[in-house]
Amino acid sequence: MLLTRLQGAGITRMKEEQASHALTWCPDDLDKAYELLVLANESFEGELKDYDPNVTMVGAINRNMVTCYLDALLFAMFARLDSFEAMLYDNFEDEPRRKLAAVLRLWVNLLRTGQLIRVELVSLNSKCAYFD
């Protein structure tokens with residue numbers, strides 16, 4: 001049902017693995033899983049959300065007490081400033097940097113839309129759940 005809804009919106013990049021992953025983030029809310037996949041698709045297509053002062057940013061969950069510095073650094077760099085956004089553009093020629101920029105765009109987009117960034121996103125690049 002989730003995939004049918006995505007395809008109806010013209011999103012064909014997302015497959016069953018991505019839909020299942022989104023449902024683990026939002027197990028009781030199909031609409032939130034859909035919104036997550038739409039935001040992920042927009043992020044991977046190169047879209048970056050603007051800072052909105054009316055949105056309450058909730059940040060990221062610390063992963064096993066080891067990502068607090070990374071979370072704080074990314075929050076400081078991207079929450080309200082556009083100074084570092086150039087590194088998020090989709091203009092890299094090699095695949096690892098393109099994937100990293102896409103995951104960072106998703107992190108920033110989740111932050112700027114007021115969504116909690118879960119620990120799975122930090123390891124998302126190694127799992128490649130949204131990139132296969």
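The largest pocket is lined by Trp 25, Cys 26, Lys 32, Glu 35, Leu 36, Gln 115, Leu 116 and Arg 118. On a 1 Å grid over the protein atoms alone, a pocket is an open set of points where a 1.4 Å probe fits, with protein on both sides within 12 Å along at least five of seven lines, and lining residues have an atom within 4 Å of a point. The volume of the largest pocket is about 200 Å³, where grid points are joined across faces, edges and corners and the volume is the space filled by probe spheres set on the points. Helix H3 (residues 30-44) provides the largest share of this lining, 3 residues. Sorted by class, the lining holds 4 nonpolar, 1 polar and 3 charged residues; here Ala, Val, Leu, Ile, Met, Phe, Trp, Tyr, Cys and Pro count as nonpolar, Asp, Glu, Lys and Arg as charged, and the others, Gly among them, as polar.

The structure is a predicted model, in which local features need pLDDT of at least 70 and side-chain atom pairs count only at pLDDT 80 or more, while totals for chains, interfaces and linings use all residues. Residues are numbered from 1 along each chain as its sequence is written, and side-chain values use heavy atoms, with hydrogens and water left out.

The protein chain contains 6 helices and 0 strands, and along the sequence it follows the pattern α-α-α-α-α-α; helices (H or I, at least four residues) and strands (E, at least two) are DSSP runs, numbered from the N terminus. Its radius of gyration is 14 Å, close to the 14 Å that the globule rule gives for 132 residues, so the chain is as compact as a globular protein of that length. That radius is taken over C-alpha atoms, and the globule rule is 2.2 Å times the number of residues to the power 0.38. Taken along the principal axes, the C-alpha atoms fill a box of roughly 40 × 35 × 30 Å.

Of the 132 residues in the protein chain, 38% are buried, where buried means under 20% relative accessible area, exposed over 50%, and partly exposed in between (1.4 Å probe, protein chains only). The accessible surface of the protein chain comes to about 7600 Å², and 53% of this belongs to carbon and sulfur atoms; such areas come from the Shrake-Rupley method with a 1.4 Å probe, and for residues only the protein chains shown count as cover. Among contacts (heavy atoms within 4.5 Å) between residues at least 6 apart in sequence, 67% join residues at least 24 apart.

| Pair | Separation in sequence | C-alpha distance |
|---|---|---|
| Leu 30 and Ala 19 | 11 residues | 10.0 Å |
| Leu 81 and Asp 50 | 31 residues | 9.5 Å |
| Glu 42 and Ala 102 | 60 residues | 9.6 Å |

Leu 30, a residue of helix H3, is partly exposed at a relative accessible area of 30%, and, with residues up to four places away in sequence not counted, Leu 30 touches Met 1, Leu 2, Arg 5 and Leu 23. Glu 42 is also placed in helix H3, and under the same exclusion of residues up to four places away in sequence Glu 42 touches Glu 47 and Lys 49. Leu 81 belongs to the loop between H4 and helix H5 (95-112) and counts as partly exposed at 40% relative accessibility; leaving aside neighbours within four places in sequence, Leu 81 is in contact with Ala 76 and Arg 112.

Most residues other than glycine have a negative phi. Asn 64, however, has a positive phi near 50°; Asn 64 is found in the loop between H3 and helix H4 (68-78) and counts as exposed at 64% relative accessibility. Met 65 likewise has a positive phi, of about 60°, although it is not a glycine, and Met 65 lies in the loop between H3 and H4, where its relative accessibility of 70% counts as exposed.
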